[in-house]
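Student: I am new to this structure and would like to know what the terms used for it rest on. Could we go through them one by one?

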Amino acid sequence: MDAGVALMLSLQAAIMGVIYASLALGFNMVYRVSKSINLAHPEIALFAAYVAYIASVRAGIGLIPAILLAAIAGFAIGAAMERLVARPLLGRPPVALIAATLGVFYVLRGASIAVAGPDWSGGSYELPATVYRLGPVALDFSDIVAVAAAGGIVALVVAMHRFTKLGIAMRAVAEDAYGAAAYGLPVKQLTMLSWGLAGASGALAGVALAAKAGVSPGLDAYVLKALAASLLAGLDSVAGIVLGGVILGFVEQFSDYLLGPILPGFGNVAAFLVMLVVLLVKPYGLFGTERIERV
């Protein structure tokens, strides 16, 4: 492999890795407090990307206000899901909540189609088409915006969980809800806040992804692939998710380059193969907590 090609692939892998990490945060934040996977998360990201596009391009309110609007929409959807779906199913088997979030997935997909229009196939945030070159490496302005936004989301969420009283309280609820309640923490409110923040981070990550890949109905497939990064890091690990995302980005880019000529589209399949291997070999991920259940 040519050194220039390897460098370019590595750069794109790192960019996609950071974006995957930001997309995967929502899966982990919900799992930590509800011990279940939110299958509606891809559609929250897609819906928010649509909202930002319509507000900024069609309504012309500007990209920054549109992004804030998308984040508010994501937070509202996440908080509403906790109150209307997750809380009534508290104490039921985790599969009940997983199935319920699948139902929300299709509700949100219908809402996205209603917002964007049934015949709409895609668009962009109309960022400048500037390309920066350094030797064999070329970087679009949209790449810089996407990786800066995605990296900022990950840094903010990790810092909040590690260094703020709110984050420590959310971690306490995630570790032991009954113990947290005994210490006077408002468990229900903190759980709803975790779902809301997961929705907001998914919304912002969806906008970051759309800045690079364009706003289209296929964005939710990227978010589903990000679930592999969550599993790789460990579903209850927030800090390890960056490594999970970067590994996924490298596997996707290099496998597509090396095997794509023989197996077209293999890069898209690679993420799901990673997911399968992790579940079979190390189901708690690289940084996840192994739980031993006595039967």
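Student: What is the chain made of over residues 137-159, and how far apart are the end C-alpha atoms?

Tutor: The span is 83% helix and 17% strand, with the end C-alpha atoms 32 Å apart. Helices (H or I, at least four residues) and strands (E, at least two) are DSSP runs, numbered from the N terminus. This is a predicted model, in which local features need pLDDT of at least 70 and side-chain atom pairs count only at pLDDT 80 or more, while totals for chains, interfaces and linings use all residues. Residues are numbered from 1 along each chain as its sequence is written, and side-chain values use heavy atoms, with hydrogens and water left out.

Student: What makes residues 137-159 a "transmembrane region"?

Tutor: The label comes from an unreviewed UniProt entry, whose annotation covers 137-159 and also, among others, 61-81. UniProt positions are given in the numbering used here, feature names are shortened, and annotations may be inferred rather than shown by experiment. Residues 61-81 are 90% helix and 0% strand, and their end C-alpha atoms lie 28 Å apart.

Student: Why is Phe105 called buried?

Tutor: Buried means under 20% relative accessible area, exposed over 50%, and partly exposed in between (1.4 Å probe, protein chains only). Phe105 has 14% relative accessibility, so Phe105 counts as buried. Tyr106 has 53%, so Tyr106 counts as exposed.

Student: Why is the pair of Phe105 and Tyr106 called edge-to-face?

Tutor: Rings of Phe, Tyr and Trp (its six-membered ring) pair if their centres lie within 6.5 Å; planes under 30 degrees apart count as stacked, over 60 as edge-to-face and the rest as tilted. The ring centres of Phe105 and Tyr106 are 5.0 Å apart and the planes meet at 75°, so the pair is edge-to-face.

Student: What makes the pair of Phe250 and Phe254 stacked?

Tutor: Their centres are 5.9 Å apart, with 5° between the planes. Both residues lie in helix H10 (residues 241-259), four residues apart, about one turn of the helix. Phe250 is partly exposed, at a relative accessible area of 30%.

Student: Which residues is Leu39 in contact with, leaving aside its neighbours within four places in sequence?

Tutor: They are Ile98, Thr101, Leu102 and Phe105, where contact means heavy atoms within 4.5 Å. Leu39 is found in the loop between H1 and H2. Its relative accessible area is 24%, so Leu39 is partly exposed.

Student: What makes a space a cavity rather than a pocket?

Tutor: On a 1 Å grid over the protein atoms alone, a cavity is a set of points where a 1.4 Å probe fits but cannot get out, and a pocket is an open set with protein on both sides within 12 Å along at least five of seven lines; lining residues have an atom within 4 Å of a point. Grid points are joined across faces, edges and corners, and a volume is the space filled by probe spheres set on the points. The largest pocket has about 690 Å³ of space. It is lined by 26 residues, and Val33 is one of those nearest its centre.
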